[in-house]
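I'm opening my notebook on a new protein today. I want the overall build before I look at one of its pockets.

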Amino acid sequence: KPETTFPKFLQFFFKRLHSSPSPSLPGPPSFPFLGNMLDLTRDHLPIHLTALAQRYGNIYRLKCGSTTMVILNSSELIREALIKKWSDFAGRPHSYTGDIVSGGGRSISLGDYSEEWKAHRRVIHGALQRCTSDSLHTVIERQARRLSQVLRDYKETTVDLSEDFTVAASNVITTLTFGKSYDKSSEELQKLQTCLNEIVSLWGSPWISALDSFPLLRKLPNPTFSRLLKEVDRRDELIGKHIEEFKKSDCEEGGTLTSSLLQCQETPQGAAKQQMTLTDTHVHMTTVDLLIGGTETTAALLNWTVAFILHRPEVQNKVYEEQRAVLGVRYPQYSDRHRLPYLCAMINEILRLRPVAPLAVPHRAVRNSSIAGYFIPKNTIIIPNLFGAHHDPEVWKDPYSFRPERFLKDGGGSIRALIPFGGGARLCLGEAVAKMEMFLFTAYLLRDFQFLPASKEEPLPDLRGVASVVLKVKPYTVIARSREQ
Ligand code: HEM
């Protein structure tokens with residue numbers, strides 16, 4: 001009725017009124033032009049955003065240039081936005097630099113929500129599921145055994161294991177995608193890893209994000225941006241070479257993700273029905289997505305695990321004893337996980353304390369909506385602070401302490417509130433891969449080794465970490481003592 005009786009100009013006025021940012025959304029004062037840039041460039045942003053939640057509540061806004069960001073700091077609010085209202089918040093922000101690193105928005109992780117993106121994600125999800133059921137267990141097992149051998153070869157010397165963890169995680173992905181794995185010394189692997197890491201860290205730098213919020217800066221010389229462009233070119237050359245080599249050699253054998261995708265290009269069964277052409281850029285960017293999403297995350301988690309158990313040696317002994325009691329000398333299978341509750345509780349506790357993608361990936365409201373009763377206009381950027389949600393004192397007793405027991409029966413930990421992989425339409429695409437990796441890698445490592453501090457004089461690893469896109473532990477050294485004495 002009001003549609004017909006209300007004069008047109010009044011309808012327009014009310015619409016405008018409703019689509020302006022909610023005036024009552026709390027947040028720190030913002031400066032003209034800069035907005036809250038000073039907050040957003042703070043060291044260890046997840047900790048800073050969590051501290052702001054204590055002052056402004058679990059939902060507040062920050063401004064960056066003309067963009068409004070809404071920060072969500074509890075799992076209830078994150079679930080409301082990402083899961084309950086998934087279709088309102090499934091977008092990704094458009095950005096100048098995001099387009100450059102994502103092949104014009106054609107990656108799964110940075111591509112905006114559209115029919116093309118949905119079809120692309122469905123194709124990749126299907127291909128990943130096929131790989132997971134056919135070969136993933138064997139692939140991870142092989143890498144876990146290889147990692148154990150690498151550690152045994154160190155013969156109890158003091159070492160930094162971070163590169164070995166990266167190689168193990170990266171080999172799982174390169175085997176799934178190209179059917180290939182590498183040694184730590186491989187020049188090919190080193191080139192690719194260095195280049196991908198550079199892109200992630202450069203893209204996370206304030207010198208680059210400033211270009212998205214303040215277009216005028218794009219006219220000024222910016223050496224960090226020039227480096228980013230160079231690394232993106234290098235990445236595309238390296239990945240392109242891999243795909244071309246793969247097409248020439250292995251393609252007909254099938255069984256890998258890339259062969260599955262190339263097959264989809266030739267005989268686009270499901271994809272054609274959804275009117276989606278899987279272009280070479282899609283195949284290329286999928287490889288980038290899986291390599292970036294699947295390497296540093298898993299490697300960082302293994303590094304955190306060793307760092308935490310150096311602080312609490314009795315935890316690793318419990319995991320070891322549980323395996324001996326349940327499995328004897330046999331190595332674990334993923335299907336054993338329900339019989340190894342302490343190991344699973346320890347993994348969950350590490351994921352809670354150090355969600356390796358602490359701020360997930362920013363979402364964008366694709367239409368006007370609301371969160372916790374606050375009006376959220378279309379195009380608002382939503383930042384799910386997973387780190388904050390995992391330290392919410394309303395949900396977690398003693399949230400900052402490492403207590404795997406909280407995830408045991410009647411331990412008080414809430415699996416529902418644990419959301420390290422995000423949720424909804426943008427749920428981590430590699431969740432199933434990551435869970436199997438975390439279980440098998442950790443089980444093998446703690447079955448085969450006792451981890452000891454490098455020396456009595458050296459301090460134990462710093463557990464605060466360094467937060468960029470991935471939350472990593474600062475470099476530390478350790479001794480891996482074989483349990484087979
Ligand atoms: C996205 C966490 C491992 C591939 C994400 C997101 C999180 C996450 C929080 C963002 C979700 C959102 O936007 O709301 C993790 C954690 C991992 C892990 C904690 C390991 C411990 C992996 C692995 C792969 C992977 C192994 C690949 C095999 C991706 C991709 C996306 C993504 C492609 C983008 C999904 C999209 O935008 O639709 N991950 N991840 N991740 N992850 Fe993971």
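This is a predicted model: local features need pLDDT of at least 70, side-chain atom pairs count only at pLDDT 80 or more; totals for chains, interfaces and linings use all residues.

Numbering runs from 1 along each chain as its sequence is written, and side-chain values use heavy atoms, with hydrogens and water left out.

**Whole chain.** I looked up the secondary structure and got 18 helices and 11 strands (DSSP runs: H or I of at least four residues for helices, E of at least two for strands, numbered from the N terminus). The radius of gyration is 23 Å, close to the 23 Å that the globule rule gives for 485 residues, so the chain is as compact as a globular protein of that length (taken over C-alpha atoms; the rule is 2.2 Å times the number of residues to the power 0.38). I also noted that the C-alpha trace spans about 85 × 55 × 50 Å along its principal axes.

**Contacts.** Of the contacts with a separation of 6 or more, 74% join residues 24 or more positions apart (contact means heavy atoms within 4.5 Å).

**Second largest pocket.** Which residues lie nearest its centre? I found Asn-348, Leu-351, Ile-415, Leu-418 and Lys-435, out of 17 lining residues (a pocket is an open set of points on a 1 Å grid over the protein atoms alone, where a 1.4 Å probe fits, with protein on both sides within 12 Å along at least five of seven lines; lining residues have an atom within 4 Å of a point). Helix H16 (341-353) and helix H18 (431-448) each give two or more residues to this lining.
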